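Have a look at the fold, then read on.

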Amino acid sequence: NLFELGSLTVKDLCQFRGIGEVKALTLIAALELGRRRGESKRPDKVTINSSADAYLEFAPVLNDLAHEEFWILLLNRGCMVEDRILISRGGLTGTIVDVRIVFRHALERSATAIILGHNHPSGQKTPSIQDLDLTKRIVAAARLMDIQIMDHLILAGSDYYSFADNGEL
């Protein structure tokens, strides 16, 4: 009985064959951690309701970089962020994104929606032809897997471009 086990002292535990003081202390520490975990509140997950919410999730990792990076937010059915994952790191003017890697992460985490995000170190928020092409390829692949691409943001300093807000998804 775990409740009875949790009330035992080091001296009580040492009465069992094979349990010395070190093992007894380890057991007591593990039981205490379990008790504290049960009492603690789960951290609230961030819910994405707009492109501005998504921007706030990407900004800490993408603003002020001198090179391009491509990240994804994996969302559950309630539009809550399950994970933020770096997909690729590039150079000054671009980065290579393998669509299969995006979906490997989404499938491993059972994501029902994804938000794409990358930065333009130049400060120019307008999507390039490559950005438009990549977004179309990812959206097409997502349809096959019944995963929604909710947005693709391009961060350019303190400003951003949203594909969803501009009707491009």
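How are α5 and α6 oriented to each other: parallel, antiparallel, perpendicular or oblique? This is a predicted model, and in it the axes of helix α5 (residues 99–108) and helix α6 (residues 129–145) come within 10 Å and cross at roughly 40 degrees. Angles under 35 degrees count as roughly parallel and 65 to 115 as roughly perpendicular, so α5 and α6 are oblique to each other. As for handedness, the α5 and α6 crossing is right-handed.

Who does the touching? On the α5 side it's Val 99, Phe 103 and Leu 107, while α6 brings Leu 134, Arg 137, Ile 138, Ala 141, Ala 142 and Met 145. Sorted by class, the residues of that α5 with α6 contact come out as 8 nonpolar, no polar and 1 charged.

Next, the largest pocket, with a volume of about 230 Å³. It is lined by 14 residues, and those closest to its centre are Thr 95, Ser 128, Gln 130, Asp 131 and Leu 134. The biggest share of the lining comes from α6, with 5 residues. Here's the lining by class:

| Class | Residues in the lining of the largest pocket |
|---|---|
| Nonpolar | 3 residues |
| Polar | 7 residues |

Leaving out residues up to four places away in sequence, Asn 63 touches Tyr 55, Leu 155 and Gly 157. The C-alpha atoms of Asn 63 and Ala 156 are 7.3 Å apart, though the two residues are 93 residues apart along the chain.

Methods:
Residues are numbered from 1 along each chain as its sequence is written. This is a predicted model: local features need pLDDT of at least 70, side-chain atom pairs count only at pLDDT 80 or more; totals for chains, interfaces and linings use all residues. Side-chain values use heavy atoms; hydrogens and water are left out. Axes are lines fitted to C-alpha atoms, for helices over the stretch in contact, and angles run from 0 to 180 degrees between N-to-C directions. Helices (H or I, at least four residues) and strands (E, at least two) are DSSP runs, numbered from the N terminus. Angles under 35 degrees count as roughly parallel, over 145 as roughly antiparallel, 65 to 115 as roughly perpendicular and the rest as oblique. A crossing is left-handed if the near helix is turned anticlockwise from the far one by less than a right angle, and right-handed if clockwise. Contact means heavy atoms within 4.5 Å. Ala, Val, Leu, Ile, Met, Phe, Trp, Tyr, Cys and Pro count as nonpolar, Asp, Glu, Lys and Arg as charged, and the others, Gly among them, as polar. On a 1 Å grid over the protein atoms alone, a cavity is a set of points where a 1.4 Å probe fits but cannot get out, and a pocket is an open set with protein on both sides within 12 Å along at least five of seven lines; lining residues have an atom within 4 Å of a point. Grid points are joined across faces, edges and corners, and a volume is the space filled by probe spheres set on the points.
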